[in-house]
Amino acid sequence: MNVETFECEDNYEAEKLAGLLAIQKDSSTYVSRIAGTFRNEIIIMLKDKSSHSVTLKDEKNVLNLKSLVNDVVMGKRSILECRYQNQSSQLTISTRENNF
């Protein structure tokens, strides 16, 4: 397990990101995919087909978050916990082991 921190534009964006990536009762996330990115903004599509924009501090945070969400959707990693404090969202991440 490790904790990844994503710096957002402000407190509201950090809270929104933590909420969008929050763990459901069945230990899954409700995220379907990344719909797009533009500079320091990322569009997250949920399983109900709604899209939500989150403004991060910079493009580096966007690229790191995009990579993480893609891995979660593909089942390579899972989010165990989401928290936010000030302008940051902290995600506790687990990497799934391949048993081949």
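Residues are numbered from 1 along each chain as its sequence is written, and side-chain values use heavy atoms, with hydrogens and water left out. Because the model is predicted, local features need pLDDT of at least 70 and side-chain atom pairs count only at pLDDT 80 or more, while totals for chains, interfaces and linings use all residues. Helices (H or I, at least four residues) and strands (E, at least two) are DSSP runs, numbered from the N terminus.

Helix H1 spans residues 11-20. Its N-terminal end is capped by Asp10. A side-chain oxygen of Asp10 lies 3.2 Å from the backbone nitrogen of Tyr12. The buried residues of H1 are Glu13, Ala14, Leu17, Ala18 and Leu20. They lie on the same side of H1, because they cover an arc of only 165° around the axis. The arc is that of the directions from the helix axis to the C-beta atoms. Buried means under 20% relative accessible area, exposed over 50%, and partly exposed in between (1.4 Å probe, protein chains only).

A salt bridge places a side-chain nitrogen of Lys or Arg within 4 Å of a carboxyl oxygen of Asp or Glu. Lys16 is partly exposed, at 22% relative accessibility. Glu13 has a relative accessible area of 9% and is therefore buried.

The largest nonpolar core has 21 residues. Such a core is a set of buried Ala, Val, Leu, Ile, Met, Phe, Trp, Tyr and Cys residues joined through side-chain atoms within 4.5 Å. Leu17, Leu21, Ile44, Leu56 and Leu65 touch the most other members. At least two residues each come from H1, strand S2 (31-38), S3, helix H2 (59-74) and strand S6 (88-95). H2 gives the most, with five residues. Leu21 is in contact (heavy atoms within 4.5 Å) with Thr29, Val31, Leu65, Val69, Ile79, Cys82 and Leu91, leaving aside its neighbours within four places in sequence.

Strands S3 (residues 41-46) and S4 (residues 51-55) pair in the antiparallel sense over five bridges. Two strands count as paired if DSSP finds at least two bridges between them. Ile42 stands opposite Val54 in S4. Four residues lie between the strands of this hairpin. Lys49 takes a positive phi near 75° there. Lys47 is placed in the loop between S3 and S4. At a relative accessible area of 46%, Lys47 is partly exposed. Lys47 touches Ser28, Thr29, Tyr30, Val31 and Ser32, not counting residues up to four places away in sequence. The C-alpha atoms of Lys47 and Glu13 are separated by 20 Å, with the two residues 34 apart along the chain.

A search of the whole structure finds three salt bridges. One of them joins the side chains of Glu4 and Arg77 (2.7 Å, N to O). This pair links distant parts of the chain. Glu4 is in strand S1 (residues 2-7), and Arg77 is in strand S5 (residues 77-85), 73 residues apart. Both Glu4 and Arg77 are buried. The side chains of Asp71 and Arg77 also meet in a salt bridge (3.1 Å, N to O). Asp71 is buried at 18% relative accessible area, and Arg77 at 15%.

Ser88 is found in strand S6. It is buried, with a relative accessible area of 10%. A polar contact of 2.9 Å joins the side chains of Ser88 and Glu7. A polar contact is a pair of N or O atoms within 3.5 Å; within protein, one must be able to donate a hydrogen and the other to accept it, and residues adjacent in sequence count only if both atoms are side-chain atoms. Ser88 touches Thr5, Phe6, Glu7, Ala14 and Arg83, not counting residues up to four places away in sequence.

Phe38 is found in strand S2. Phe38 is exposed, at 52% relative accessibility. Phe38 and Glu59 are 21 residues apart in sequence and 8.3 Å apart in space, C-alpha to C-alpha.
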